[in-house]
Amino acid sequence: MAAVVGAVVLLGSGCDDPAPAKADKPAVAAPTPATSPPPVMPDLVGQKFTDAEAAVKKQVTTPVEARSAYTDVTLAGDRAQWTVCFQTPAAQSPLPPSTAVELTLVAPGTACPAKAGAALQPSKSPAVSSPPKPATSPPATDGSSSGGGSSTGSSGGGSTGGGSSSVSFKSCAEARAAGAAPMRRGEPGYSRSLDRDNDGIACDK
């Protein structure tokens, strides 16, 4: 009987359940490093050149170019206090380290132009004026009028000096006697009655 009990004990000890398996713990993900935003061009308009240059050099490796905003103003060697009027690239533009940056400046106390490349002083070239018109001279008076030249019949025959148009001859014989013949049209003593062939010469025949 004792042997039977011992066998039962042995069988009972062999039927014990194995220890339960431990549950797997969830894997913890490694923290992702924060991504910094890409650099952008700061707004430098209105700043002094020395401050603007320092701000840009923090982000780019290339030299900062400076130029005068006015074509007739030379950029000074010491431009630390000059003011930024325009910038390239524009503010908030992507700014890789190799970007070429250009700042357009004006001297202290000078206002910025409306656009880069303007002239500070207006042109002093004289305005082109039209040439003056020549003065209009009065028409020349014909000196051969009836009251002008001397009379060819001033001697004898009742003629008066000075070639007055009042000189007249009744006939060619009278004109010849006065030494006035022949007489052309317009000359003292000429009349159509003495110019028989109407050729403009009286007492020519």
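Analyst: Cys85 and Cys112 form a disulfide, with their sulfur atoms 1.9 Å apart; the term here means a pair of cysteine sulfur atoms within 2.5 Å. The torsion about that S-S bond is -80°, which makes the link left-handed. It connects distant parts of the chain: Cys85 is in strand 2 (residues 83–88), while Cys112 is in the loop between strand 3 (101–106) and helix 3 (172–177), 27 residues apart. Helices (H or I, at least four residues) and strands (E, at least two) are DSSP runs, numbered from the N terminus.

A quick word on the ground rules: this is a predicted model, so local features need pLDDT of at least 70 and side-chain atom pairs count only at pLDDT 80 or more, while totals for chains, interfaces and linings use all residues. Residues are numbered from 1 along each chain as its sequence is written, and side-chain values use heavy atoms, with hydrogens and water left out.

Back to the two ends of that bridge. Cys85 counts as buried because its relative accessibility is 6%, whereas Cys112, at 41%, counts as partly exposed. For the cut-offs, buried is under 20% relative accessible area, exposed is over 50%, and partly exposed is in between (1.4 Å probe, protein chains only).

Searching the whole structure turns up 2 disulfides. The other joins Cys172 to Cys203, S to S 2.1 Å. Its S-S torsion is about -90°, so this disulfide is left-handed. Cys172 lies in helix 3 and Cys203 in the segment after strand 5 (201–202), so the pair ties together parts 31 residues apart in sequence. Here Cys172 is buried because its relative accessibility is 16%, and Cys203 is buried too, at 5%. Number the bonded cysteines in sequence order and the pairing reads 1-2, 3-4.

Now for the nonpolar cores, meaning sets of buried Ala, Val, Leu, Ile, Met, Phe, Trp, Tyr and Cys residues joined through side-chain atoms within 4.5 Å. The largest has 14 residues, of which Leu44, Val56, Val101, Leu103 and Leu105 touch the most other members. Helix 2 (49–57), strand 1 (64–68) and strand 3 each supply at least two residues of this core. Setting aside neighbours within four places in sequence, Val56 is in contact (heavy atoms within 4.5 Å) with Met41, Leu44, Val64 and Val101. A second, separate core of 11 residues includes Val167, Phe169, Ala175 and Cys203.
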